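Subject: Structure for you to look at

Hello,

Here is the structure I promised to pass on. Please open it alongside the notes below.

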Amino acid sequence: MPAPWIGLQVAEADAGALKAVRISSVDARGPVAALGLRAGKDLASSDLLVAIDGVAVTSTRAFEELLRRRTAGERVRLLIYGEGRYREATAVLGREPEHLADTSGKRTTDVGY
């Protein structure tokens, strides 16, 4: 079964009291491409992903685990913090594109879901 795909990569973020991950890149072909998320190399230029379906995303590992529990076609609610405000967005998870799939039969750790 293809892994669920959200079309973004995240990185650890030191955002003080706010526990979240920094959105480091957004795939233009991915499920969240139209949401207007800001991706960047630092906190000043990127949005933070705070929660998925009300569950805190406090690390890249937490992000991976939350997505692994989902299936392609499932709708997820994202809580985003950026530019001094919170906002919610909804996305439908896609199927992992073939160029990202691991054909060896083993699943590797990759936060670029």
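Start at a turn. Strand 4 and strand 5 form a hairpin with 2 residues between the strands. In that hairpin, D53 takes a positive phi near 50°. Bear in mind that this is a predicted model.

Now follow strand 4 (48–52). Which other strands does it pair with? Strand 3 (21–26) is one of them: the two run antiparallel and are joined by 2 bridges. Strand 6 (residues 75–82) is another, antiparallel to strand 4 over 4 bridges.

L49 is the bridge partner of V21. In strand 6, the partner of L49 is I80.

How many residues of strand 4 are buried? The count is 5 of the 5, so strand 4 is largely enclosed by the rest of the structure. For the reasoning, buried means under 20% relative accessible area.

Then turn to helix 1, residues 60–68. Its buried residues are T60, A62, F63, E64, L66 and L67. Note that E64 is on that list. Residues three or four places apart in an α-helix point the same way, because there are 3.6 residues a turn.

What covers the buried residues of helix 1? The cover includes strand 4 again, together with strand 1 (4–5), strand 2 (8–12), strand 3 and strand 5 (55–56).

Best wishes

Key
Residues are numbered from 1 along each chain as its sequence is written. This is a predicted model: local features need pLDDT of at least 70, side-chain atom pairs count only at pLDDT 80 or more; totals for chains, interfaces and linings use all residues. Side-chain values use heavy atoms; hydrogens and water are left out. Buried means under 20% relative accessible area, exposed over 50%, partly exposed in between (1.4 Å probe, protein chains only). Contact means heavy atoms within 4.5 Å. Two strands pair if DSSP finds at least two bridges between them.
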